[in-house]
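These are my notebook entries on one structure, written down in the order in which I looked things up. I began with the whole chain and then turned to single parts.

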Amino acid sequence: MFATIPWIIQLCTAPWPIMKKGYYHVYSFGEDTPKLLIIEREFIVAMNILAYCSTVFNCRILVFIFMNSHFHLVLYGTEEECRAFGNKLMKMILHRINRDRAQPYDFRRIAISADLIEDKEALMSIITYDVRNSIEAGFRLDPRFYKWSSAALYFAPEAADGKRLDQMSVRMKASVLGINYDLPGGWTVDADGVILPKHYVDYKEVESVFGSIKAYIAFMYMKKDRILELNKRCSKVNFQALSDMELAGVADAMARRMTGRSVANMDIVNRISLAQK
């Protein structure tokens, strides 16, 4: 018995492995899902929850965009941190917007992916892919004019400050922002109640990655096949990265969409038939 003590001491005093940090493309699956965000107030709340999450997790936000049915982020951190960030963001958004909806959104229909970005060229491609995602979805103006993203920050004059949070009462902040969390008092909001993204997005790092506005624009108009490749990747579920609970949720969502019934209400014959489709 006592012979094992040195081994136990060695195990307890050994340094924990350090999780390697990197750039991750974090996104929710937007294909075949109902509208996540519908009215302007929901987009405002989503952006302000993103701002709050930036103060909680040890990740840096380089890019974000919210669309009706999904979101994209480029984060710098460990895989565990980045995945937790995406999951927490989604759960907080759904929890908040479901309070005001007659028919709550079923969070089990959403899955989050966190894909490691392998090299600088891939990072540049994904950043500009996310920035121009509004155009791919039908937005008819320059991506910089799409309000629910960080596109206006890069290679542009700094946005003017709005009203400081520390100049607002607790009740006013909850009313204006749509959330009631502790946030830095020096942060400012625009006239619509959106916390200015310049406070929590590392846009200077994005500019450093590209080096010049010329390179940024060149990647903005990347080849069509590269865009199609990223579209395909972001619309498919990375099953190996999902937990058992997330897989069960995705399977149930697919079953409801294809048959109108949940997996729990199917007998074994119907479950096998569904799996073969």
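**Entry on the whole chain.** I looked up the secondary structure and found 11 helices and six strands in the protein chain. The model I am reading is a predicted one, and I therefore looked up its confidence as well: the mean pLDDT of the protein chain is 80, and 70% of its residues reach 70 or more. For residues 238–247 I noted a pLDDT below 50, although in the model this stretch has 14 contacts beyond near neighbours in sequence.

**Entry on burial and surface.** Of the 277 residues of the protein chain, I found that 44% count as buried.

**Entry on the core.** Which residues of the largest nonpolar core touch the most other members? I found that they are F66, F85, L89 and Y200, in a core of 69 residues. Helix α2, residues 40–56, gives the largest share of this core, with nine residues. I then followed L89 and, leaving aside its neighbours within four places in sequence, I found it in contact with A46, I49, L50, C53, F66, F71 and L73.

**Entry on helix α7.** I next looked up helix α7, which covers residues 203–210 and is mostly covered itself, with six of its eight residues buried. The buried residues of α7 are Y203, E205, V206, E207, V209 and F210. What lies over them? I found that their cover includes the strands β1 (21–28) and β2 (60–66), together with the helices α4 (120–131) and α8 (213–220). After α7 comes G211, and I noted that its phi is positive, near 85°.

**Entry on Y105.** Where is Y105 found? I located it in the loop between α3 (79–98) and β4 (112–116). Is Y105 buried or exposed? Its relative accessibility is 7%, and because buried means under 20%, Y105 counts as buried. Finally I compared Y105 with L94: the two are 11 residues apart in sequence, and from C-alpha to C-alpha they are 6.8 Å apart in space.

Methods. Residues numbered from 1 in each chain as written. Predicted model: local features only at pLDDT ≥ 70, side-chain atom pairs only at ≥ 80, totals over all residues. Heavy atoms only, no water. Helix = DSSP H or I, 4+ residues; strand = E, 2+ residues; numbered from the N terminus. Buried < 20%, exposed > 50% of the residue type's maximum accessible area, 1.4 Å probe, protein only. Core = buried A, V, L, I, M, F, W, Y, C linked by side-chain atoms within 4.5 Å. Contact = heavy atoms within 4.5 Å. pLDDT = per-residue confidence, 0-100.
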